[in-house]
Amino acid sequence: MMNTVELDPAGPRRAAIDHRTAMGLAATEYGRVVDLLGSLDAAQWSTRTECPTWTVRDMATHMLGMTEMAASLREQRRQMSAARHRNDGLMIDALTALQVDEHRDMSAPQIVDRLSEQAPKAARSRRRTPGFIRRRRLGVPGEIDGREEVWTIGYLTDTILTRDPWMHRVDITRATGAEHVLTPDHDGVLVADVVAEWAARHGEPFTLWLTGPAGGEWSRGRGGPEIECDAIEFCRILSGRAPGEGLLGTVVPF
C-alpha cells in the first residue's frame with residue numbers, strides 16, 4: 001500500500017509521532033542497544049566506526065552519557081554546563097566529547113551494566129515530560145546542514161533522543177558484523193517518521209520505495225523522481241553518512 005505524505009505546517013520543529021507511541025519506541029530502542037552492546041566481544045569494542053575518530057567503545061560511552069542526561073534533569077544541567085566550558089566549537093560536539101571523555105576509564109561490562117541501569121530511568125523521565133514543556137522551544141538551536149533551526153523540547157525528547165541511538169545501532173552493527181535486529185513495528189515506524197520529515201523538508205513530489213524489514217512505500221504529488229533504496233541505507237544517506245543526490249541530498253537530523 002502506497003502511503004501519501006502531506007506537508008507539515010511551518011513553525012518550530014516538533015515531534016510528529018504521538019507521545020505515547022514515541023515513548024514505546026524509546027524504551028524498545030534502549031533495550032536493543034543494551035542487547036547489542038552486551039553481545040559484543042573485546043575485539044568488536046575496539047572496532048573503528050564510520051563516525052570519525054570513534055571506536056565502538058567511544059560510541060557506546062556517548063550513548064551512555066546521553067542516556068544519563070535524559071534520565072536526570074540535574075545530570076542534564078551538569079553536562080550542558082560542563083560542555084559550555086570546553087570551547088570545542090559546536091555545542092553538540094563539545095557535549096559528545098565530554099560524554100566520551102568522562103566514561104573513558106569504564107570497562108565494556110561496566111558500560112553495559114550502567115546503560116542497563118540508566119535506560120529505564122531515561123525512558124521514564126522522557127515519558128513523564130509534560131505536554132506544556134514539550135511544546136516549548138528548545139533553548140539551544142538545532143544545527144542542520146550548516147543552518148540553525150528552532151526545535152521544540154518535544155522534538156528532542158520524543159524524536160532525536162530515539163533516532164540517535166537507533167542510528168548508532170546501525171553504525172555498530174556495520175562496524176562489527178553483529179546481528180542487526182530490525183522489525184516493522186519498531187524500526188519501520190522510525191523510518192516512516194524519517195520519511196515524513198524528509199518529505200516536509202524538501203517539499204517536492206516523489207515516489208519512494210524502501211526495501212527491507214523497516215521499509216515501505218510513500219508518495220506525494222505527481223511528476224517527481226522515483227526512488228528505490230534499502231530503508232537503512234536511505235536513513236544513512238539522509239544522516240550524511242553516505243552521499244545522496246537530488247532529493248536524497250536533503251539532510252534529516254539523527
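**Chatting about helices, strands and loops**

Me: Where H4 passes H5, is the crossing left-handed or right-handed?
Reply: H4 passes H5 in a right-handed crossing. Keep in mind that this is a predicted model.

Me: OK, and what angle do H4 and H5 pack at?
Reply: About 110°, with the axes of H4 (residues 73-84) and H5 (residues 91-102) 9 Å apart. Angles from 65 to 115 degrees count as roughly perpendicular, so that is what H4 and H5 are to each other.

Me: Which residues make the contact?
Reply: From H4 you have Arg78, Gln79, Met80, Ala82, Ala83 and Arg84. H5 brings Met91, Ala94, Leu95, Leu98, Gln99 and Glu102.

Me: How many of the residues in that contact of H4 with H5 are nonpolar, polar or charged?
Reply: Seven are nonpolar, two are polar and three are charged.

Me: Let's switch to H8 and H9. At what angle do they cross?
Reply: Roughly 115°, and the axes of H8 (residues 153-176) and H9 (residues 184-202) come within 11 Å. That makes H8 roughly perpendicular to H9.

Me: Left-handed or right-handed, when H8 passes H9?
Reply: This crossing is left-handed.

Me: Who touches whom between H8 and H9?
Reply: On the H8 side it's Tyr155, Thr159, Thr162, Arg163, Trp166 and Arg169. They meet His186, Asp187, Leu190, Val191, Asp193, Val194, Glu197 and Arg201 of H9. Sorted by class, the contact of H8 with H9 has five nonpolar, three polar and six charged residues.

Me: What about H10, how many of its residues are buried?
Reply: Eight of the nine residues in H10 (residues 231-239) are buried, so the helix is mostly covered, with "buried" meaning under 20% relative accessible area. The buried ones are Ala231, Ile232, Phe234, Cys235, Arg236, Ile237, Leu238 and Ser239.

Me: And what do those buried residues pack against?
Reply: They pack against H8 and H9, plus the strands E4 and E6.

Me: Do E4 and E6 run parallel or antiparallel?
Reply: Parallel, and five bridges join E4 (residues 206-211) to E6.

Me: In which sense does E4 pair with E5?
Reply: Antiparallel, over five bridges. Thr207 stands opposite Ser219 in E5. Most of E5 (residues 216-220) is covered, with four of its five residues buried.

Me: How many residues sit between the strands in the hairpin of E4 and E5?
Reply: Four, and in that hairpin Gly212 takes a positive phi near 100°.

Me: Which residue has a positive phi although it is not a glycine?
Reply: Thr53 does, with a phi of about 75°. Thr53 is in the loop between H2 (42-45) and H3 (56-71). At 63% relative accessibility, Thr53 counts as exposed.

Me: Another threonine, then: is Thr129 buried or exposed?
Reply: Thr129 is buried, at 16% relative accessible area. You'll find Thr129 in the loop between H6 (108-127) and H7 (131-134). Leaving out residues up to four places away in sequence, Thr129 touches His19 and Arg134.

Me: And where is Thr28?
Reply: Thr28 is in helix H1, and with a relative accessible area of 33% it is partly exposed. Thr28 and Asp187 are 159 residues apart in sequence, while their C-alpha atoms are 9.8 Å apart in space. Asp187 is one of the H9 residues that meet H8.

Me: Last one: where is Asp18?
Reply: Asp18 is in the loop between strand E1 (2-4) and helix H1 (19-38). At 44% relative accessible area, Asp18 is partly exposed. The C-alpha atoms of Asp18 and Asp158 are separated by 8.4 Å, and these two are 140 residues apart along the chain.

Notes
Residues numbered from 1 in each chain as written. Predicted model: local features only at pLDDT ≥ 70, side-chain atom pairs only at ≥ 80, totals over all residues. Heavy atoms only, no water. Axes fitted to C-alpha atoms, helices over the stretch in contact; angles between N-to-C directions. Helix = DSSP H or I, 4+ residues; strand = E, 2+ residues; numbered from the N terminus. Parallel < 35°, antiparallel > 145°, perpendicular 65-115°, else oblique. Left-handed = near helix turned anticlockwise from the far one by under 90°. Contact = heavy atoms within 4.5 Å. Nonpolar A, V, L, I, M, F, W, Y, C, P; charged D, E, K, R; others polar. Pairing = 2+ DSSP bridges. Buried < 20%, exposed > 50% of the residue type's maximum accessible area, 1.4 Å probe, protein only.
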